[in-house]
Amino acid sequence: MAIADRMAPLIGGSSAIRKMFEEGRQLAQEYGAENVYDFSLGNPSVPAPASVNETAVRLLRNEDPLYLHGYMNNSGFEETRQAVADDLNKRFGASFAMTDIIMTVGAAAGINDILHLFLNPGDEVIAFAPFFTEYRNYTIAAGGNLVAVPADMETFQLNIDALDALINEKTKIVIVNNPNNPTGVIYSGETLDRLEQVLEKAQKRIGHPIYVISDEPYRELVYDGCELPFMPDHIRNCLIVYSFSKSLSLPGERIGYVAVSPKIEDHDLVRDGIGVTNRIGSVNAPSLMQLVVRECLNDRPKIEVYDRNRRLLYGNLTKLGFDCLMPQGAFYLFVKSPLETSAAFVDAGRKEHILMVDAAGFACPGYVRLAYCVSTEMIERSYEAFRRLAKACGLEERK
Ligand code: PLP
């Protein structure tokens with residue numbers, strides 16, 4: 001076998017996701033799509049706002065094709081980067097320059113660009129459980145090791161007390177995902193200030209900066225009037241990673257950006273470095289989409305659909321006796337396994353044709369994740385299947 005040793009486990013691991021995808025298809029073929037309840041994927045169910053397609057069509061009709069489809073500065077079209085900087089400065093009172101914005105092939109590429117810039121072989125990236133499974137794969141692919149901070153099983157807030165002991169000379173990056181996938185929890189400004197205090201002390205101790213990736217694909221998906229703190233107001237060495245996959249329902253178009261906080265240590269070197277790793281990894285973000293998002297920065301899909309789904313699914317499951325976290329953001333419901341293991345619970349769900357993701361993959365066994373970016377009608381239809389599942393798990397309905 002000629003492939004790199006570090007990649008072999010990643011290939012083995014990816015088959016689990018493929019298996020679930022194929023399982024959904026197989027169940028639909030066998031029992032009819034209307035009898036299958038697939039809550040496994042975070043693929044937006046609300047279409048992109050009309051402005052996205054209208055802008056794309058107008059650009060395709062009217063723009064000079066050499067400009068539209070050509071190479072540009074590897075960090076992106078300057079007019080798009082300026083528009084993103086202006087938008088952030090207006091919304092959050094920040095002071096980003098155009099050059100602080102690097103357009104990327106989604107948040108995934110943004111995170112990869114940063115990890116490739118900072119990691120020497122064996123360096124460590126810290127993430128707070130439960131975290132997006134791919135962080136581990138991105139870190140391994142960049143030659144590093146991912147260290148998981150155990151979840152705070154009471155609040156699912158950042159377990160800052162446990163973080164300090166995990167930081168050492170090899171620590172380069174901490175990842176914070178706010179709102180969080182898979183819990184839907186939002187971390188408050190106060191929590192982030194506590195994180196900064198720990199990081200400041202640790203940086204002095206280990207003698208080099210620790211950069212915080214603020215992974216924000218769900219920034220615009222917050223409910224009940226919750227406030228999402230603006231990370232650079234709380235964390236000095238902050239690199240924002242943003243995505244239009246969820247905020248404009250464009251996951252297949254692969255468009256996002258990194259915003260380098262003007263306050264970070266070694267600012268110019270880091271900013272230029274991310275431009276280089278972005279060029280090496282992806283050359284540049286898709287040109288048409290860069291020009292589209294420039295004009296649609298303030299447009300949103302109908303996220304009230306997710307809010308409706310959130311209330312409906314949470315209401316149904318808690319009534320049936322399940323323990324769930326009420327999500328404040330993103331579009332995932334985190335449900336405690338009523339069986340001894342979350343793997344057994346996922347299996348029991350499958351028997352009722354309910355597809356859920358075992359949170360063991362998010363470094364938090366004992367829970368499962370349900371993506372509610374699905375049709376409201378499917379959630380309504382799934383009620384009876386959940387009722388049977390609750391019964392099979394020995395739960396009693398709540399009044
Ligand atoms: N980070 C988190 C927490 C996510 O949930 C996702 C996608 O689901 C990503 C990053 C990757 O997003 P993108 O589609 O922009 O690469």
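1. Two strands are said to pair if DSSP finds at least two bridges between them; helices (H or I, at least four residues) and strands (E, at least two) are DSSP runs, numbered from the N terminus. The model is predicted, so local features need pLDDT of at least 70 and side-chain atom pairs count only at pLDDT 80 or more, while totals for chains, interfaces and linings use all residues. Residues are numbered from 1 along each chain as its sequence is written, and side-chain values use heavy atoms, with hydrogens and water left out.

2. In the antiparallel open sheet, 4 strands follow the order β9-β10-β13-β12. Because β9 (324-325) and β12 (357-358) are edge strands with a single partner strand each, one side of each has no neighbour in the sheet. Strands β10 (residues 332-336) and β13 (residues 367-371) run antiparallel and are joined by 5 bridges. Within this pair, Tyr332 of the sheet stands opposite Ala371 in β13.

3. A further open sheet has 7 strands in the order β2-β8-β7-β6-β5-β3-β4, and its pairing is mixed. Its edges are β2 (101-104) and β4 (145-149), each with a single partner strand, so one side of each lacks a neighbour in the sheet. From one strand to the next, the twist averages 25°; axes are lines fitted to C-alpha atoms, for helices over the stretch in contact, and angles run from 0 to 180 degrees between N-to-C directions.

4. Strands β6 (residues 211-215) and β7 (residues 238-243) pair in the parallel sense over 4 bridges. Ser214 stands opposite Ile240 in β7. Helix α8 (residues 189-206) packs on the sheet and touches β3, β5 and β6, where contact means heavy atoms within 4.5 Å. The direction of α8 makes about 175° with that of β5.

5. There are 14 residues around the ligand, of which Ala107, Asp215, Tyr218, Ser243 and Arg254 come nearest; a residue is near a molecule or strand if one of its heavy atoms lies within 4 Å of it. α5 gives the largest share of this shell, 3 residues.

6. A polar side-chain atom of Asp215 lies 2.6 Å from a nitrogen atom of the ligand.

Notes:
Polar contact = N/O pair within 3.5 Å; in protein donor to acceptor, adjacent residues only side chain to side chain.
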